[in-house]
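Thanks, everyone, for making time this morning. I would like to walk through one structure with you, so please have a look at it before I start.

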Amino acid sequence: MDKQMTATEVVAQLEDGMTIGIGGWGPRRKPMALVREILRSDLKDLTLVSYGGADVGMLAAAGKVKKLVFAFVSLDFIPLEPYFRIARQSGSIEVMEIDEGMMLLGLRAAAWGLPFIPTEVGLGTDIVTKNPDIKVIDSPYDDKEWVAMPALKLDASLIHADRADARGVCQIAGPDQYMDDWFARAADKTFVSCDELVDTEFFHDPAEARLVHWERAATSGVVHIPGGAHPTSCTPLYGFDVPHFKAYVASAKDEAGLQGYLDQFLGATEADYQANVGGIDAIRSIELPTY
Amino acid sequence: MTAATDYTLAELCIVAASQAFENDGEVLATGIGVIPRLAASLAMKTTNPDLMMTDSEAWMLSEPNPLGKRPAEFVPATESWMGFSRIFDNVWSGKRHAMLGPTQIDRYGQSNTSALGGTYDAPKVMMLGARGFPGNSISHPNSFFVPSHNTRVFMDGECDFVSSIGYNPERLPKGHSLDDIDIRLVITDLCVMDFGGPDHQIRLVSLHPGVTVDQVQENTAYPVHVDEDVPTTAAPTQAQLDVIAALDPHNQRAAQIKDNPPGDRG
């Protein structure tokens, strides 16, 4: 089965009002080329589930987001995400604010077909008072109460991987797959952009296959987009683009806001975008971050 | 070991904060931010070599990494993988002690990292979000570092958004006891505190050199329990300062407290 498609074909499979999971973590290995394709589309009223960074900020500022399920939105080295803050402070998005680990449990529940997973996480905090949809329940086995973290069922997930083959075997070669395997399993459809498209034989080396974190049946579509995580990192291929993020953050203080940033960089296609940020060689030469 | 005479307030705080990890045994010490990370690293290098530590990315280390850019030939002392999903396996096992810097800490030891002021639907100031604070606070011990001790941080009333559970009887979950909650040390630029006062009231543990009890109380919007004899926070030893300097070769610690004051302000 050949699952290759274009970013435009991915977005054509998304609909207004869908719940969409976005892989990666903060400024790390986000499927930004697919996010940009949504920015070029007329999709709207999305519910996003994300360990958020500029993916959330951009989509919120562009008016694509109805509701956000989040534990944080941050660019790490720039702790506060400016457009997320504007969206929250203006009350323009609904939110379901949860703990980082609760998000993992919600994705696992969805992946496993469970209505919820019990946890003590959230008890005693505003997670349980500000979220009427998160129930606290009695246990059949002890006298304590527990948070019933509901399944976070996703209509679609968007993920960026280092490598994939045409059948949807995806490799994350960086040090952390984050929760991307759970985003893939929690979604009806998972679309993966990849820096490199490889032959299936590539995975015959067990050391390479060891870095495949979900089975190909959980991958619906593969889009070959070298540099597709820019300006986020795709360790070990490239780091995050610090000057670009600084320009993005600065744009939030300009009158034109995100539109000014988009006018400068987005372009009509990913090729336009990459030309506007210096090309694939420049992206691939961005130094890896030191933590 | 004799105390050094020439040290900064940041270094005093690192040494004071490292004591939080001294008797932890074999747990993951997570210090978020320069001073907490150096405090955990100092403890691992000196008082508690059994501590576990990550590289703040995805690996466990048997030796803490120095902060900032490291030479090309540097080889981290990796001992296992520790990606984010596995962190939660550790958090929920309780074998961890985190030291973090929330924006608000109320009289109950509840903290806020998310929404400030306004309404929850449209806060006046939005910060990071709840992050891992809810899970940390109910799963394992936690300490706090506050670089600027004032009444905006140690504020009147309850936190605008409660990210982490504290000693508030009104919010205590069914079947739990306040003693299940384990807030350890609160290290600030003025003093060290804990929640060991009557009924888990915040309590002064030690005053940094040159700081008075009145200064601490004036900068805390709720009553601080003060025992009769409050010791002075111990000055770093030269050996501790040497370890800190090796862990922080770019002197990032100098940028953590406003104007990088000396440790003794007497």
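How many bridges join strand 5 of chain A to strand 7 of chain A, and in which sense do the two run? Before I answer, a word on conventions: this is a predicted model, in which local features need pLDDT of at least 70 and side-chain atom pairs count only at pLDDT 80 or more, while totals for chains, interfaces and linings use all residues. Residues are numbered from 1 along each chain as its sequence is written, and chains are lettered from A and ligands numbered from 1 in the order in which they are written.

Now the answer: strand 5 (residues 116-119) and strand 7 (residues 145-150) of chain A are joined by 4 bridges and run antiparallel, with Phe116(A) standing opposite Pro150(A). Strands here are DSSP runs of E of at least two residues, helices are runs of H or I of at least four, both numbered from the N terminus, and two strands pair if DSSP finds at least two bridges between them. Strand 7 of chain A also pairs with strand 6 (residues 135-138), again antiparallel and over 4 bridges, and there Val136(A) stands opposite Val147(A). A hairpin through 6 residues connects strand 6 to strand 7 of chain A.

As for domains, whose bounds come from an automatic or database domain assignment, chain A is divided into domain 1 (7-97 + 153-279) and domain 2 (116-150), and their C-alpha centres lie 30 Å apart.

Let me turn to burial, where a residue is buried if 20 or more other C-beta atoms, placed from the backbone, lie within 10 Å of its own, exposed if 12 or fewer, and partly exposed in between. In helix 3 (residues 54-61) of chain A, 8 of its 8 residues are buried, including Asp55(A) and Met58(A), and the helix is followed by Gly63(A), whose phi is positive, near 75°. In chain B, helix 1 (residues 9-18) is largely enclosed by the rest of the structure, because 10 of its 10 residues are buried. Its buried residues pack against several elements of chain B, among them helix 2 (34-45) and helix 6 (238-247).

Definitions and conventions: Two residues are in contact if their C-beta atoms, placed from the backbone, lie within 7 Å.
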